[in-house]
Amino acid sequence: MIKPHGHDASEGDVNSSEARLRYREDMIERSKARRLLSRDSEAFLHQSLSTPCLNAVISARGSRLVDADGRGLLDFHGNSAHQVGYGHPAVISAITRQMEELPFCPRRYTNEPAVRLAEELVRVTGGELGKVLLMPGGALAVGAAMKLARVATGRFKFLSMWGSFHGASLDAISVGGESVFRTGMGPLLPGCHLVHPCAPSSCQHGCGGPCSGRGARAIEDVLAREGDIAALIAEPIRCTTIEVPPRDYWARVRDACRRNGTLLIFDEIPIALGRTGRFFAYEHFGVVPDILVIGKGLGGGIIPQAAMLARADLDVAGHTALGHYTHEKSPVGSAAALATLGVIAEERLVERSAMLGAAWMTQLREALGSCGVLREVRGLGLLVGVELDAGSPARTGRLCDETLYQSLRRGLSFKVSDSRVLTLTPPLTVTREELCEATGILAEAVDAALGVVS
Ligand SMILES: Cc1ncc(COP(=O)(O)O)c(C=O)c1O
């Protein structure tokens, strides 16, 4: 397995680094969370990206979490599920009403909110993706998309990207490219091929300088050589390292898929719903996929809710089951999603994301420009990456990790990706003042981290 940055990089923060241990000693050993953390550790199976947990929270509202000691934290991580912020009153009231009216829908029946949600999702694609399946989680939507691709093409192979993440289930890790999820898991699905993504800041294709299209050519080669790949599955913009391919990249890939009878599946689970300053990220590239999966923030950051959308002519699996999950047409999940779509439209969050994101990136460049370790601030809308470079991958990794924990001490949470990028995904409802506060914390945290990291 190729590790994307030559060392132990991963999608999330692992729970064993030195910076984390220092943070634990200073911030947690005497905190009110300590007893709950130790009960958590006793009760739950341990796994590398969660238990043992870092801390405990007691409240989530708007852009902020509150930890067990009452400390506020701007949450610019949110597992990419909080486009409308935490606890949006419109979402809470829609869920509450729905729970009173119709809390559950057995599979044999349909219900008004689920049908309305499917209709609304088709509408926001401009009708290009005309059929929907609702799903209780993102990985399940990815699995359903893979099944549909197999049924529709009569083929079984997939092409996906190194470094990608499409969920933690066995089918999803078969097309995922992160070693922490695959190592030791035994045989994965057969026929899954991986290529390096188009990643302008860390190109593995040897384009050198501006993109010379080698990433697209690598995909064209594999599709043509294999000749029987059912689908290519990818995030149009990787949500972690925030690599934005050149505008013509996806158009080339789209063409290659068409020529080879391969379906194009876009996974926009963390980045749809306005995150990038467009409702769907694919709109930046003028390319519509054959199948789209969305989730996370669709449930308003409250209810698990995902969906697979497909071209209407891909409605070809009536004889088999793509999903059939117990909570598939959840009235409460659908009410949460409808309210979320309503908030995004009423509060003009897509436009807001584009506008605030552009201004914030300028501010971040100014605030961090003199720290001596800033490589790049990049992104689209409120999907923002701050890439650091401290001279070597190992030192950069330690610096990013320390910066995260220095930020947490000061009240800002985010994610570190590939041990080199600070991934910042605030709610789209974030205020300008909160963005300024985050910029100040980050600048201080990088300074403090430079004082700790040798
Ligand atoms: C790109 C991507 N796809 C799929 C998933 C899986 O979604 P879920 O956690 O709802 O199964 C994630 C979750 O982080 C993701 O980031």
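In strand 10 (residues 306-310), Leu309 is the bridge partner of Leu292. This pairing belongs to a predicted model, in which strand 10 runs antiparallel to strand 9 and is joined to it by 4 bridges.

**Strand 9 and its partners**

- Strand 8 (residues 263-267) pairs with strand 9 in the parallel sense, over 3 bridges.
- The bridge partner of Phe266 in strand 9 is Leu292, and Leu292 has Leu309 as its bridge partner in strand 10.
- Strand 9 (residues 291-294) is covered on both faces: Ile291 and Val293 are buried on one side, and Leu292 and Ile294 are buried on the other.

**Helix 13: length and faces**

- Helix 13 comprises the 21 residues 432-452, and its end C-alpha atoms lie 30 Å apart. This agrees with the 30 Å that the helix should span at 1.5 Å a residue.
- Leu435, Ala438, Ile441, Leu442, Ala445, Val446 and Ala449 of helix 13 are buried. Because these residues cover an arc of only 140 degrees around the axis, they are on the same side of helix 13.
- An α-helix has 3.6 residues a turn, so residues three or four places apart point the same way.
- Arg432, Glu433 and Gly451 are exposed, and the face that carries them is turned away from the buried side of helix 13.

How values were computed: Residues numbered from 1 in each chain as written. Predicted model: local features only at pLDDT ≥ 70, side-chain atom pairs only at ≥ 80, totals over all residues. Helix = DSSP H or I, 4+ residues; strand = E, 2+ residues; numbered from the N terminus. Expected span 1.5 Å × (residues − 1). Buried ≥ 20, exposed ≤ 12 C-beta atoms within 10 Å, placed from the backbone. Arc of directions from axis to C-beta. Pairing = 2+ DSSP bridges.
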